[in-house]
Amino acid sequence: MAPAAETEPQPPRQRAAAFDKSAHMVMVGDYLQIHALRHPKWDMRIDEGFHRVEWIGHLAGDTLDAMLNDPAWARGRLTLASVHGLSGILVLPEVPVTVLIQPNPERRRSDEDEAWHEGPFYELAGVTEPDLTEQFHADARIRPEPPGSEAALYPSRFSSPAQRALHLDGVTGIRPVAASQLPWPHGLFKWPYGEREKALAATYPKGHSKTAHAELFTQLGDQDFAACPYHQADDWKAITAAVLAFARAEPDSDEQDQLYRATHLSERDRAWFRSLIGGGHIWWDTGQQNLTNGQHRLYALRAAGIEVIPVYGRRLPDHDETTPSQDALTHSKRTVEDFWLAHVAAALKPGRLSTHLARLPALIPLRGGGSAARAYRYRTSTE
């Protein structure tokens, strides 16, 4: 049996630019090199081995002498660091360490939003935290300019400039959003009308369940919504106002604490309020095709006539998402009409006649069309 051929050696990939500085100058936000070697060496990714520093502490003097068996190892000072991806504390003597000059901005924003561990893993007596402003000024004096090609090293993981801008510059929290800007549900589970929705979705082309949910909304009445446990509240309007007021208040303030009590709401509505500001968010990032969470709650608010919805998620600062506002029934009908107009027009030859014909299946279901109309729509959806 012939021996396996050895892997051809590869040229090293271009690595992100880095520089050295003394350990005590490492600051929160630096991308510190915590491992330098791997096999095969040529396969190391652009910024592999560098991880974000999330907390820094210093230890010196008598406290340092009492902690180490060999205080000389520290060279006068210990730098303690919490680093993204590491459990425990990284202990650095006063030696040069390596940090990235210009971290990948997309990775940095993700790391900032999803901290590994806030603060130190362990509380140690005698540890002092450096002044971040002083560290920043000291770092600026020694940090070299990044090479001109540095930004091009990092391929973007976003398919559009708008998505990238939302990631880099967006803020996350609860804000008001017009219901007509939000997608219809893509799949409502554990509710009384599941089979009815499936039958309706079968008349649409595959992948258009949201439009089917919009049409179902036009067919359900007050009694139908009242029969669903996800829609039962005493006053959705008051719940919505309470959630938006809580979101506007300064975090952890006395005002927000008072608003959290929501004593003006019934016990049932208070539970809905606390769900909407906590783990039961209606969760949607600007531009998303689907809701991340809260499909039932959004359906309930639409049924209650709420046109501006408290939504958790990511948005660009100062970006108004409350206009244009439209009542839910009008929005649902327009969603269905626009879909069938576009779908049927695409199947017909261009022209004035095809434009008029395309509107027929859009209008039929909203005017109580019978089995013949439903069959026509089904044939159209499968052609």
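Predicted model: local features only at pLDDT ≥ 70, side-chain atom pairs only at ≥ 80, totals over all residues.

Reader: Where is the place of Asp47?
Author: Asp47 belongs to the loop between β2 (31–33) and β3 (50–59).

Reader: Is Asp47 buried or exposed?
Author: Asp47 is buried: its relative accessible area is 13%, and the cut-off for buried is under 20%.

Reader: And what separates the C-alpha atoms of Asp47 and Tyr154?
Author: They are 9.0 Å apart, while along the chain the two residues are separated by 107 residues.

Reader: New topic: how many aromatic pairs does a search of the whole structure find?
Author: The search turns up 12. One of them is Trp184 with Phe217, whose ring centres are 5.3 Å apart.

Reader: Why is the pair of Trp184 and Phe217 called tilted?
Author: Their planes are at 55°, so the pair counts as tilted; edge-to-face would need over 60 degrees.

Reader: Which parts does that pair tie together?
Author: Trp184 is in the loop between β7 (171–178) and α6 (194–201), and Phe217 is in helix α7 (residues 209–219), so the pair links parts 33 residues apart in sequence. Both Trp184 and Phe217 are buried.

Reader: What about Phe217 and Tyr299, how are they arranged?
Author: Phe217 and Tyr299 make an edge-to-face pair, with 85° between the planes and 5.5 Å centre to centre. Tyr299 sits in helix α12 (residues 295–303) and Phe217 in α7, so this pair ties together parts 82 residues apart in sequence. Tyr299 is buried, with a relative accessible area of 0%, and the value for Phe217 is 6%.

Reader: Which residues form one aromatic cluster?
Author: Trp184, Phe217, Phe225 and Tyr299 do.

Reader: What sits over the ring of Trp184?
Author: The charged end of Arg302, 4.0 Å from the ring centre. Elsewhere, Arg274 lies over the face of Tyr260, 4.3 Å from the centre of that ring.

Reader: Back to α7: how do the axes of α7 and α13 cross?
Author: The axes of α7 and helix α13 (residues 328–347) cross at roughly 135° and come within 8 Å. The two helices are therefore oblique to each other, and the crossing is left-handed.

Reader: Which residues make that contact?
Author: On the α7 side they include Ala214 and Phe217, and on the α13 side Leu329, Val336 and Phe339 are among them.

Key:
Residues numbered from 1 in each chain as written. Heavy atoms only, no water. Phe/Tyr/Trp six-rings, centres within 6.5 Å; stacked < 30°, edge-to-face > 60°. Helix = DSSP H or I, 4+ residues; strand = E, 2+ residues; numbered from the N terminus. Buried < 20%, exposed > 50% of the residue type's maximum accessible area, 1.4 Å probe, protein only. Lys NZ or Arg CZ within 6 Å of the ring centre and 35° of its normal. Axes fitted to C-alpha atoms, helices over the stretch in contact; angles between N-to-C directions. Parallel < 35°, antiparallel > 145°, perpendicular 65-115°, else oblique. Left-handed = near helix turned anticlockwise from the far one by under 90°. Contact = heavy atoms within 4.5 Å.
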